[in-house]
Amino acid sequence: MYEQENIKPYNKNKEKGPQVALMFDNIAHSYDFLNHFLSLGIDKIWRRKAIMGLRKLHPAKILDVATGTADFAILSSRLLHPQQVTGIDISEGMLEVGRQKVEKLGIDNIVLEKGDCMHLAFDDGTFDAVTVAYGVRNFASLDQGLREICRVLKPGGRLVILELSRPEHFPMKQLFDIYSRVVMTFMGHLFSHDSSAYEYLPATMKVFPHSSEMRTILQKAGFRDVRSYKSLFDMNTRYEADK
């Protein structure tokens, strides 16, 4: 089971969701810069590849869970031209940055709303596709969040997840540990003034399920034809699953 109780900034005696929301509210102003900087811009390539996997489905309604500053929602709108992309997040600070970006770009088919993936405020079978980019590790309950996503997907709909993963083999495992422990924390403190948030990221990666375990979790949540694809020395994993 994916447990987060002992990961900073969590206090196991308090609800996880509000703690995560507060953390992302605090770093929203610098999130985009640090996200692209710390991945050397490669996260943009990974997002594009993930969205292109939905192209053959021609989804009309897309839900982007843990949308953050709406990068994935914006790219989905541009590449897939759906009727509507709905982005939800528990951090109002992140959503506000996303709304400013959407307005500046003049995109009219994206709606950003505050929402919790533990209890999605949508009817069963509402969406043709659901996307989650680097957000499932923040779910208060991975199992419950995935069941909710499955519920709001239409039969035949597809879930696409992008998630960071910790390399398991020498020398990338050791290099990543140094990079995450030293570089991520230092840069996070320098630009966001919240080093704990960037201690949290590598900590969640260490305990997040490996790809084989994650595929099993997705199947138990109600998905079929679950696939996973790794890239960049196993540091990034894309999951695809159908309902």
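Analyst: Helices (H or I, at least four residues) and strands (E, at least two) are DSSP runs, numbered from the N terminus. The model is predicted: local features need pLDDT of at least 70, side-chain atom pairs count only at pLDDT 80 or more, and totals for chains, interfaces and linings use all residues. Residues are numbered from 1 along each chain as its sequence is written, and side-chain values use heavy atoms, with hydrogens and water left out.

User: Let me start with a loop. Where is H58?

Analyst: H58 sits in the loop between α2 and β1. Its phi is positive, about 50 degrees, although H58 is not a glycine.

User: Is H58 buried or exposed?

Analyst: Buried means under 20% relative accessible area, exposed over 50%, and partly exposed in between (1.4 Å probe, protein chains only). H58 has 65% relative accessibility, so it counts as exposed.

User: Now a helix. Which residues of α2 are buried?

Analyst: First, the general idea. An α-helix has 3.6 residues a turn, so residues three or four places apart point the same way. In helix α2 (residues 42-52), the buried residues are D43, W46, R47, A50 and I51. They cover an arc of only 130 degrees around the axis, so they lie on the same side of α2. The arc is that of the directions from the helix axis to the C-beta atoms.

User: How do I read the strands? How many bridges join β2 to β3?

Analyst: Two strands pair if DSSP finds at least two bridges between them. Strand β2 (residues 84-89) and strand β3 (residues 110-114) run parallel, joined by five bridges. T86 has V111 as its bridge partner in β3.

User: What about β1 and β2?

Analyst: β1 and β2 also pair in the parallel sense, over five bridges. Here the partner of L63 in β2 is T86. From β1 the chain crosses through α3 to β2, and this β-α-β crossover is right-handed. Right-handed means that, with the strands pointing away from the viewer, the path from the first strand over the helix to the second runs clockwise. β2, helix α4 (residues 92-105) and β3 make a right-handed β-α-β unit too.

User: How many residues of β2 are buried?

Analyst: Five of the six, and β2 is mostly covered.

User: How do I find empty space inside?

Analyst: Rolling a probe the size of a water molecule over the atoms shows where empty space is left. On a 1 Å grid over the protein atoms alone, a cavity is a set of points where a 1.4 Å probe fits but cannot get out. A pocket is an open set with protein on both sides within 12 Å along at least five of seven lines. Lining residues have an atom within 4 Å of a point. Grid points are joined across faces, edges and corners, and a volume is the space filled by probe spheres set on the points.

User: How many cavities of 30 Å³ or more does the search find?

Analyst: One, in a search of the whole structure. The largest cavity has a volume of about 360 Å³. It is lined by 28 residues, of which A66, T67, D89, G135 and N138 are closest to its centre. α1 (16-38), β1 (61-65), α3 (71-80) and β2 each supply at least two residues of this lining. The largest share, four residues, comes from α1.

User: What is the volume of the second largest pocket?

Analyst: About 220 Å³. Eleven residues line this pocket, and K44, D71, I74, L75 and R78 lie nearest its centre. Helices α2, α3 and α4 each supply at least two lining residues.

User: Next, cysteines. How many disulfides are there?

Analyst: A disulfide is a pair of cysteine sulfur atoms within 2.5 Å. The count by this rule is zero. C117 counts as buried, at 9% relative accessibility. C150 is also buried, at 8%.

User: Where is C150?

Analyst: C150 is in helix α5, residues 142-152. C150 and G125 are 25 residues apart along the chain, and their C-alpha atoms are separated by 8.4 Å.

User: How far apart in space are E168 and D234?

Analyst: They are 7.9 Å apart, C-alpha to C-alpha, and 66 residues apart in sequence. E168 is found in the loop between β5 (153-164) and α6 (172-192). With a relative accessible area of 38%, E168 is partly exposed.
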